[in-house]
Structure formats: C-alpha cells, structure tokens
Amino acid sequence: MSLDLIEPLSIDSWNPVLDTAAQSAAIDTAAQDAAIDALEAGKVLYLPRLRFDVQAAERRFLSTQWSDGKSKNIYLRGRERVLRGTVGSAEDQAALAAMIERFGSNAQSLVSALFPCYVPHLQFGNTSFRPFEIEGRPPKSFRKDDTRLHSDAFPSNPTAGARLLRVFTNVNAQGRPRVWRVGEPFGDMAARILPRARRQWPGEAALLHALHVTKKRRSQFDHFMLELHDRTKADLDYQRDMPQQRVEFPPGSTWIVFSDQVLHAVLSGAMMMEQTWMLPVAALRHPERAPLRVLESMVGRALI
Ligand SMILES: [Fe+2]
C-alpha cells in the first residue's frame, strides 16, 4: 500500500502575510484551512523553501562541541527559557541561547500565521538544537530507539490528551538531509496494537506520581499512549511491514507535525532545530481525529 503523508506548502517566510495576492510570502484563508485539515489528518506539512537564517557569527555553533555530552539536545526549557545540555563560556552560551530563541520565535510566527485558531490555546514548550548525527548512534534501549517508527509519548510527562505540535528545520551545513520514515495512520496502528496493551493497574498512576516517576498523574490515555509507543517499537515485523514512506528533508527545509499522531522514525541527519507546543484537544478543528478521541472510541469510555 502506498502512502502520501506529505503536504507541501510553498511558503518561504516565517512571517507569511495574510492574503496579499499571490506573493510567495502570502497565505490566504483557503491555504490556512487546507494546512489545518492536513495537519489534523496526520500529515506532514512540508515547507521545502523555509530556511532558518543561521547568522555568520553563529555558524560555529553548528557543531557537537557545545554539547555537555549527557543530553542529546541543547535546549531552552519551556517557559523558564534556561539553556540546558551545553557547555561553554557565559558569552558563548548567551549567543547560542539567542540563536535557539530566535528559532523559537520564528516558529511561533509561522504557526500563528498558519493556524490562527490555535494561537490562544498554544502552550509554548521546549526549543531545541539537535547537533548529533542520528545514524550509527546506538540507542540505550529499544524504547529510546527513534530509528523505529513510533508516535510520541513520554514516560515522565503525561499530556492528559493535549497534542504535541512540532516544527523542525534542517540547518545542516554539509548538505545532509534529515531522513525520516513515516508510517500508517494513527488509527490503523492503534487498531493493531491497542488489543495487546496492558491495562493500568489500580493505584499505578498514584504510585508513579508519588515516586516522582511522572511529573503529573499518568492518565489512562497516557498509559495507553506509552503502551502503543513501546509495543510499536518492539514489534520488528510490524516495523518492517507496516505501510510507510521514506522522506528526505534537505538543509533549508522545514516541516510541521503532530508528533503524538504521525508515526515517525528518524534514520539519519545531524543539525536540526525544533520547537514544541502543547495544544488542548478542544482547540482542534477536528477533535475526533486526536489520539485521545480515537482511543476513547476504540475502548468505549473516557480515558481522562
Ligand atoms: Fe519521536
């Protein structure tokens, strides 16, 4: 079965202007509607000509030398905007933080222009710079192996159904693409994997929270999302046989996904910028397509 999960957009500006007749930096309401429909349908919005402007003085940061060697990303955390995962002088760190922050504000302008109905509800999350080459990096466990197809779910960070919206830009200076595989629709994966999922034990969520394994109480929804994440990654036959497509994102391109929905695997590439937001299900145009609603309709009860 062939898939077509890529929805190209010709926008080449982080601040596309609304409806100024056929300029490449323009977007009209029909384009906004099409972008939202495609995104919520689980497609990858692909902006092949939208590059992030790494300034001449910042090119030195396109290297793994600024990593602290413990974290795989260098990032500004959520609302605190404290730089993590890096080493260097205070001056270097401030310049690196400024580059990452500029990417975050570019991404915020883009998302505001494309999805104005989301704006009041978006919760701005981490902004990261991911310098390391993916290919040949041995994962610590199959659960952490992002070269296997998965939908995002995080053990310590329950979302209670909120969506994970992400913008990525390849900033590789050696011409290397970011290579992904994307897989079959979320509902098809869930129909296959959910019947194998373990149910949450009574008291499990309270215990994990008390032990600080989770930052908030893990809802039944979050439990099932982790089960889907782990069991999808563990099933090598499914990894091989599921309908999927390979996508190359060249340097100077940007793409947008709901990463809790799109099955994705990263095969190779180094030097990427990324911005995450959380978005409540109620802010969606098609909430019935959200993983929360898909799973609830499968199990026949509320999961939050
Ligand atoms: Fe992921």
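A search of the whole structure, which is a predicted model, finds 26 salt bridges.

| Salt bridge | Distance (N to O) |
|---|---|
| Asp92 and Arg60 | 2.9 Å |
| Arg148 and Asp145 | 3.1 Å |
| Asp152 and Arg166 | 2.9 Å |

**Salt bridges**

Asp92 and Arg60 meet through their side chains at 2.9 Å. Asp92 belongs to helix α2 (residues 90-114) and Arg60 to the loop between β4 (44-47) and β5, so this pair ties together parts that are 32 residues apart in sequence. Arg60 has a relative accessible area of 40% and is therefore partly exposed.

In the bridge between Arg148 and Asp145, the side chains meet at 3.1 Å. Asp145 is buried, its relative accessible area being 10%.

The side chains of Asp152 and Arg166 form a salt bridge of 2.9 Å. Asp152 sits in the loop between β7 and β8, whereas Arg166 is in strand β8, so the pair ties together parts that are 14 residues apart in sequence. Asp152 counts as buried at 7% relative accessibility, and Arg166 counts as buried at 13%. Salt bridges that share partners extend this pairing into one network of Arg130, Asp152, Arg166 and Glu274.

**The iron site**

Asp152 is also a ligand of the metal. The iron ion has as its protein donors His150 (NE2), Asp152 (OD) and His264 (NE2), which lie 2.1 to 2.2 Å from the ion. Along the chain, these donors follow the spacing H-x1-D-x111-H. Asp152 is in the loop between β7 (123-130) and β8 (163-170) and His264 is in strand β12, so the pair ties together parts that are 112 residues apart in sequence. His264 counts as buried because its relative accessibility, 9%, is under the 20% cut-off. The value for Asp152, 7%, puts that residue in the buried class too.

Ser259 is placed in the loop between β11 (254-258) and β12 (264-268). With 1% relative accessibility, Ser259 counts as buried. The side chain of Ser259 makes a polar contact of 2.7 Å with the side chain of Asp152. Apart from neighbours within four places in sequence, Ser259 is in contact with Ser151, Asp152, Leu164, Arg166 and His264. This list includes two of the iron donors, Asp152 and His264. It also includes Arg166, the salt-bridge partner of Asp152.

**Thr254 in strand β11**

Thr254 lies in strand β11 and is buried, with a relative accessible area of 0%. The side chains of Thr254 and Thr169 are joined by a polar contact of 2.8 Å. When neighbours within four places in sequence are left aside, the contacts of Thr254 are Trp14, Leu45, Tyr46, Leu47, Leu50, Leu110, Val167, Phe168 and Thr169. Among them, Leu45, Tyr46 and Leu47 fall within β4 (44-47), while Val167, Phe168 and Thr169 fall within β8 (163-170). Leu110 falls within helix α2 (residues 90-114).

Ala160 has a relative accessible area of 44% and is partly exposed.

**A nonpolar surface patch**

Leu207, Leu211 and Val213 form a nonpolar patch on the surface. Together these residues have about 280 Å² of accessible area. Leu211 is in the loop between α4 (204-210) and α5 (220-234). Its relative accessibility of 55% is over the 50% cut-off, so Leu211 counts as exposed. Leu207 of the patch falls within the range of helix α4 (204-210).

Key:
Residues are numbered from 1 along each chain as its sequence is written. This is a predicted model: local features need pLDDT of at least 70, side-chain atom pairs count only at pLDDT 80 or more; totals for chains, interfaces and linings use all residues. Side-chain values use heavy atoms; hydrogens and water are left out. Helices (H or I, at least four residues) and strands (E, at least two) are DSSP runs, numbered from the N terminus. Buried means under 20% relative accessible area, exposed over 50%, partly exposed in between (1.4 Å probe, protein chains only). A polar contact is a pair of N or O atoms within 3.5 Å; within protein, one must be able to donate a hydrogen and the other to accept it, and residues adjacent in sequence count only if both atoms are side-chain atoms. Contact means heavy atoms within 4.5 Å. Donors are N, O and S atoms within 2.8 Å of the metal (3.2 Å for Na, K and Ca); water is not among the atoms, so sites may look incomplete. Patches are made of residues with over 30% relative accessible area and no salt bridge: like charges are joined within 9 Å, nonpolar side chains (Val, Leu, Ile, Met, Phe, Trp, Tyr) within 5 Å. Accessible areas come from the Shrake-Rupley method with a 1.4 Å probe; for residues, only the protein chains shown count as cover. A salt bridge is a side-chain nitrogen of Lys or Arg within 4 Å of a carboxyl oxygen of Asp or Glu.
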